[in-house]
Amino acid sequence: MLTSLQNPLVKQIRKLHSTKERHKQQLFLLEGTHLLEEACAVNYPLVAVCCTPEWQANHPVLWEEACSRCDRAEIVSEEVLAAIATTVQPDGVVATAKRSDRTSQLPVTGIVLAVETLQDPGNLGTIIRTAAAAGASGLWLSGDSVDLDNPKVLRASAGQWFRLATAVTEDLKATIQQSQQAGMQVVATLPSATLTYWEIDWRKPSLILLGNEGAGLSAEIAAMADKQVKIPLSPGVESLNVAIAAALMLYEAQRQVIYK
């Protein structure tokens, strides 16, 4: 059992708390039983799995499955587990996994989200979770946004991170143009729009543009949209959380597909 915080593996995993080290090592953290279950369910390649004796005793089947999918498995002390986890109260297991190539193409059918300069990992994880639940085809993330494999993004996604097609684009304008050329309608969310979001025909393949938490969409990106929509707000309310805005449009799209 690993008990020393000076152990090379422990030191290596602790470094993955920083974005710079995740990029350098090309690894990211999976914390908690649920995320490990989801990773195993989709055969995601694991590198190392560390758990406490209590967790191993309570999850023998998952432990065996994780061991069969990783390069290294270690039983660690409670102190070591607390040190390698980013959460305040970890549930007993932390794994590392290989960062995937998130630059591939996404489908140009159904509903796809394109998110510009999103900074809050909780918002991104919630958007991923909601998009998967509503049957979205995928999500584009601008390169200047929070990392897709930030630990908080994975936790907020409640495991749906592994199930929704996602990709990072370093040129969001080019991605939007390619989507338009493929026949997708591009819809921007703007408070100044005249159309409400339910007046759009969401049965068409659509790319929904969502902006930064504080500034919203940049004028340059918003101008590329084929249509602009607003979400009605009561007087005195300036805006909605970006994840809530995404949910409203995704479920209106689902409603139209089912009931129209």
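Mentor: Patches are made of residues with over 30% relative accessible area and no salt bridge, where like charges are joined within 9 Å and nonpolar side chains (Val, Leu, Ile, Met, Phe, Trp, Tyr) within 5 Å. The model is predicted, so local features need pLDDT of at least 70 and side-chain atom pairs pLDDT 80 or more, while totals for chains, interfaces and linings use all residues. Residues are numbered from 1 along each chain as its sequence is written, and side-chain values use heavy atoms, with hydrogens and water left out.

Trainee: What makes the patch of Lys11, Lys15, Lys20 and Lys24 positive?

Mentor: Lys and Arg count as positive and Asp and Glu as negative, with His and the chain ends not counted; the place of a charge is taken as NZ of Lys, CZ of Arg, CG of Asp or CD of Glu. Lys11, Lys15, Lys20 and Lys24 therefore form a positive surface patch. Helices α1 (8-15) and α2 (19-25) each supply at least two residues of this patch; helices (H or I, at least four residues) and strands (E, at least two) are DSSP runs numbered from the N terminus.

Trainee: Why does lysine 24 count as exposed?

Mentor: Buried means under 20% relative accessible area, exposed over 50%, and partly exposed in between (1.4 Å probe, protein chains only). Lysine 24, which lies in helix α2, has 65% relative accessibility and therefore counts as exposed.

Trainee: Which residues form the nonpolar patch on the surface?

Mentor: Leu233, Val237, Leu240 and Ile244 form that patch, with about 300 Å² of accessible area together; such areas come from the Shrake-Rupley method. Isoleucine 244 belongs to helix α11 (residues 242-259) and, at 44% relative accessibility, counts as partly exposed.

Trainee: What makes the contact of arginine 22 and aspartate 149 a salt bridge?

Mentor: A salt bridge requires a side-chain nitrogen of Lys or Arg within 4 Å of a carboxyl oxygen of Asp or Glu. The N to O distance between arginine 22 and aspartate 149 is 4.0 Å, and their side chains meet in a salt bridge. This pair links distant parts of the chain, 127 residues apart: arginine 22 is in helix α2, and aspartate 149 is in the loop between β6 (138-142) and α8. Arginine 22 and aspartate 149 are both buried. The structure holds nine salt bridges.

Trainee: Why are glutamate 65 and arginine 69 separated by about one helical turn?

Mentor: They are four residues apart in helix α5, which means about one helical turn between them. Glutamate 65, at 29% relative accessibility, counts as partly exposed, and arginine 69 is partly exposed at 28%.

Conventions. Areas by Shrake-Rupley, 256 points an atom, 1.4 Å probe, with all protein chains shown as cover.
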